[in-house]
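Please keep the structure in view while reading.

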Amino acid sequence: MSKQKAQQLGYISLAKASELCDYSQDYLGLRARQGKLQAVKLGRNWVTKKEWIIRYINNNGNGNKGAQINENQVVSKQVVDSQSPDGN
């Protein structure tokens with residue numbers, strides 16, 4: 001499956017997923033390998049979906065925050081992060 005096809009199907013990289021929560025990309029990869037985070041391996045990379053990240057966080061907490069989130073919070077976090085003054 002190509003990267004473009006994966007994006008059309010709603011998959012995101014674990015790097016992008018780590019921006020949506022307080023977990024690192026490495027930790028999400030570990031949880032994917034353990035079968036705790038729903039994810040798919042494309043080539044040598046793991047990908048997941050926002051819905052799967054939300055489900056994982058709601059079932060396991062959000063890193064240090066331990067809070068549950070919903071789709072609207074994920075979207076608002078992305079908007080806030082993309083508008084940060086330092087461009088990161």
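The text below takes the aromatic rings, then the charged side chains, then the pocket. The model is predicted.

**Aromatic rings**

A pair of aromatic rings is described by the distance of the centres and the angle of the planes. A search of the whole structure finds three aromatic pairs, and two of them, including their values, are set out here.

| Pair | Centre to centre | Angle between planes | Arrangement |
|---|---|---|---|
| Y11 and W52 | 5.9 Å | 65° | edge-to-face |
| Y23 and Y56 | 5.7 Å | 70° | edge-to-face |

The pair of Y11 and W52 links distant parts of the chain. Y11 belongs to strand β1 and W52 to helix α4, which covers residues 50–60, and the two are 41 residues apart. Y11 and W52 are both buried.

Helix α4 also holds Y56, while Y23 is in the loop between α2 (14–18) and α3 (25–34), so this pair ties together parts that are 33 residues apart in sequence. Are Y23 and Y56 buried or exposed? Both Y23 and Y56 are buried. These two tyrosines also belong to one aromatic cluster, together with Y27.

**Charged side chains**

Y11 has a further contact: the charged end of K49 sits over its ring, 5.0 Å from the ring centre.

How many salt bridges does the structure hold? There is one salt bridge, and it joins the side chains of K16 and E19, with 3.7 Å from N to O. A nitrogen-to-oxygen distance within 4 Å is what makes a salt bridge, so this contact counts as one. K16 has 40% relative accessibility and therefore counts as partly exposed. E19 is also partly exposed, because its relative accessible area is 43% and that class lies between the buried limit of 20% and the exposed limit of 50%.

**The largest pocket**

The largest pocket has a volume of about 200 Å³. It is lined by 13 residues, and those closest to its centre are K3, A6, I12, S13 and V47. Which elements give two or more residues to the lining? They are helix α1 (3–8) and the strands β1 (11–13) and β3 (45–49). By type, the lining residues divide into seven nonpolar, four polar and two charged.

Definitions and conventions. Residues are numbered from 1 along each chain as its sequence is written. This is a predicted model: local features need pLDDT of at least 70, side-chain atom pairs count only at pLDDT 80 or more; totals for chains, interfaces and linings use all residues. Side-chain values use heavy atoms; hydrogens and water are left out. On a 1 Å grid over the protein atoms alone, a cavity is a set of points where a 1.4 Å probe fits but cannot get out, and a pocket is an open set with protein on both sides within 12 Å along at least five of seven lines; lining residues have an atom within 4 Å of a point. Grid points are joined across faces, edges and corners, and a volume is the space filled by probe spheres set on the points. Helices (H or I, at least four residues) and strands (E, at least two) are DSSP runs, numbered from the N terminus. Ala, Val, Leu, Ile, Met, Phe, Trp, Tyr, Cys and Pro count as nonpolar, Asp, Glu, Lys and Arg as charged, and the others, Gly among them, as polar. Buried means under 20% relative accessible area, exposed over 50%, partly exposed in between (1.4 Å probe, protein chains only). Rings of Phe, Tyr and Trp (its six-membered ring) pair if their centres lie within 6.5 Å; planes under 30 degrees apart count as stacked, over 60 as edge-to-face and the rest as tilted. A charge sits over a ring if NZ of Lys or CZ of Arg is within 6 Å of the ring centre and within 35 degrees of the ring normal.
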